[in-house]
Amino acid sequence: MKLLRKWPVVAPSLMALVIAANPAKAQQSSALEPPPPPPDEEVAPAPPDAEPPSSPPDRGSFERQLSPYGRWVDTPEYGRVWMPNVDPDWQPYSDGRWVSTTWGWSFVAPVPWGSAVYHYGRWGWRAGFGWFWVPGYAWGPAWVSWRWVNGYACWSPLGPRGFVYGRRWPGWVVVPYAHFTHPIRGYIVPRSRVAVIVRSARPVRAFPTWQGRGYVRGGAHYGHGRRR
């Protein structure tokens with residue numbers, strides 16, 4: 001994926017006000033919303049073939065790794081969050097491919113910052129600002145919610161704890177399941193069709209994977225697998 005021109009610079013104080021603004025009443029539930037994310041503490045250490053870093057990252061390492069590819073903004077809800085320099089139509093987990101491991105489906109992206117933002121932390125979205133990444137320190141092969149319907153695989157990034165999903169959540173990615181392991185960009189369903197598919201889809205724990213002699217099914221809503 002090509003990194004396009006940088007987004008217009010937004011004053012950190014203005015960004016903080018927008019992210020902090022919550023409606024007086026809880027937003028009505030939408031069929032397009034992912035389920036709430038599970039606690040980070042539920043994630044066990046990954047096996048060697050999942051290739052997590054040998055030592056857990058810290059905030060400083062995230063900032064050094066991601067700063068060349070976006071900007072950091074201070075927010076009252078989540079502290080410092082990262083916003084990538086990408087096209088405004090971009091969305092997380094939409095450029096790359098799924099790779100089967102003994103820990104479940106692991107997301108591999110063709111960008112230098114993918115190893116951080118797709119295996120740690122969560123994604124939020126606000127109208128007018130786009131996507132922002134909230135650092136997290138528990139490793140996972142992917143932090144997504146899964147759905148399935150009539151031969152289509154659907155997934156969406158999970159927001160940080162306490163995040164209020166908008167009624168028009170733009171995070172869902174849909175591909176024909178026959179091409180689930182192929183490069184996503186070649187088979188992604190146009191956004192104009194996504195809402196209809198996702199509304200009729202049902203949540204699933206993940207999709208079957210095959211690793212060695214073991215049959216693996218994904219764990220609870222965040223792409224992890226357990227050997228059976």
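Me: What makes the strands E9, E8, E7 and E10 an open sheet in this predicted model?

Reply: Let's follow the order, which is E9-E8-E7-E10, with antiparallel pairing. Strand E9 (173–176) and strand E10 (202–204) are the edge strands, and each of them pairs on one side only. From one strand to the next, the twist averages 30°.

Me: How do you know that E7 and E10 are paired?

Reply: Two strands count as a pair if there are at least two bridges between them. Strand E7 (residues 144–149) is joined to E10 by three bridges, so the pair meets that cut-off of at least two. The two strands run antiparallel.

Me: Good, now a single residue. Why is Tyr93 called buried?

Reply: Buried means under 20% relative accessible area. Tyr93 has 0% relative accessibility, so Tyr93 counts as buried. You will find Tyr93 in the loop between strand E2 (79–84) and strand E3 (97–101). Its phi is near 60°, a positive value in a residue other than glycine.

Me: And why is Asn150 called exposed?

Reply: Here the cut-off is over 50% relative accessible area. Asn150 has 70% relative accessibility, and therefore Asn150 counts as exposed. Asn150 sits in the loop between E7 and E8. Asn150 is not a glycine, yet its phi is positive, at about 45°.

Me: Let's step back to the whole protein. How many helices and strands does it have?

Reply: The protein has four helices and 13 strands.

Me: What share of its residues count as buried?

Reply: Of the 228 residues, 50% count as buried. Each of those has under 20% relative accessible area, because that is what buried means.

Me: What part of the contacts joins residues 24 or more positions apart?

Reply: Take the contacts with a separation of 6 or more: residues 24 or more positions apart account for 66% of them.

Notes:
Residues are numbered from 1 along each chain as its sequence is written. This is a predicted model: local features need pLDDT of at least 70, side-chain atom pairs count only at pLDDT 80 or more; totals for chains, interfaces and linings use all residues. Side-chain values use heavy atoms; hydrogens and water are left out. Axes are lines fitted to C-alpha atoms, for helices over the stretch in contact, and angles run from 0 to 180 degrees between N-to-C directions. Buried means under 20% relative accessible area, exposed over 50%, partly exposed in between (1.4 Å probe, protein chains only). Contact means heavy atoms within 4.5 Å.
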